[in-house]
Amino acid sequence: MILDLRNIYKSYGSGQVVVPVLKDVTFQVEEGEYVAIMGPSGSGKTTLMNIIGCLDRSDEGTYALDGVDIASVSEKELSEIRLNKIGFVFQTFQLLAGETALENVALPLVYAGVKKSERKARAREALAKVGLEDRISFFPSQLSGGQKQRCAIARAMINNPRILLADEPTGALDQASGRQVMDLFKQLNEEGVTIVMITHDANVAANAQRVLNIIDGVITEGML
């Protein structure tokens, strides 16, 4: 089991103004699964993604990622977990405008202390895998939306993470580009990558093997 969340609660605010966001969330994800977490705006899915991605901590409950109790680790150890075990893909791509596709993809390797020649070689390989081998010297402004997202996926996978965490990965894309991204996710999953995808779109969620529904901070499970 790669993700194990039990009785997770999260609220925001203080004093008399406390807004509960996640309420007794419990679910597990096995290694190699492809899971969609689907819910409308305001349902708590982004807060849940932040907890899964070790960007935030729960108020109550337990969360183990790859056997590690997240509540017991330091902020430095959390950074290492995010760098080495989780690949992030965001709706808005989060590419650096002043860096080429190659440099954007290689960025996590800079933080990991990988030497420059190896960074370039691995980034070229990652871009080739997502069909962007002819775009390595292009800046984000020179890429289409679908190409930007594929570049972001290459960056997310550069450290061979245990899990790919995607937040509305097709939300800023046209239908054809979104289909390309979903095909790429399917390919990665078939190669053994665990994927957790946050979405509000039932058609996108249908690409996953299992769907968790979140409404008002409460998780229910249902197969599409």
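Which loop holds the place of N159? Select the stretch between α5 (145-157) and β7 (163-167): N159 sits in that loop. Helices (H or I, at least four residues) and strands (E, at least two) are DSSP runs, numbered from the N terminus.

Before going on, note that this is a predicted model, in which local features need pLDDT of at least 70, side-chain atom pairs count only at pLDDT 80 or more, and totals for chains, interfaces and linings use all residues. Residues are numbered from 1 along each chain as its sequence is written, and side-chain values use heavy atoms, with hydrogens and water left out.

**Stop 1: N159**

Colour by accessibility. N159 counts as buried because its relative accessibility is 15%; buried means under 20% relative accessible area, exposed over 50%, partly exposed in between (1.4 Å probe, protein chains only). Now show L83. Its backbone oxygen lies 3.1 Å from a polar atom of the N159 side chain. Next, select the residues in contact (heavy atoms within 4.5 Å). Leaving aside neighbours within four places in sequence, N159 touches L83, N84, P108, L109, A112 and R122.

**Stop 2: the largest pocket**

A pocket here is an open set of points on a 1 Å grid over the protein atoms alone, where a 1.4 Å probe fits, with protein on both sides within 12 Å along at least five of seven lines; lining residues have an atom within 4 Å of a point. Points are joined across faces, edges and corners, and a volume is the space filled by probe spheres set on them.

Show α2 (75-85), β6 (86-90), α3 (101-111) and α5: each supplies at least two lining residues. β6 gives the most, with four.

**Stop 3: the second largest pocket**

Select A126, K129, M157, I158 and N160. They lie nearest the centre of the second largest pocket, which 14 residues line. α4 (116-129), α5 and α6 (175-190) each give two or more of the lining residues. α4 gives the most, with four. The volume is about 300 Å³.

**Stop 4: helix α1**

Go to residues 45-52. Is α1 mostly covered or mostly open? Mostly covered: six of its eight residues are buried. Select K45, T47, L48, M49, I51 and I52 to see them.

How values were computed:
A polar contact is a pair of N or O atoms within 3.5 Å; within protein, one must be able to donate a hydrogen and the other to accept it, and residues adjacent in sequence count only if both atoms are side-chain atoms.
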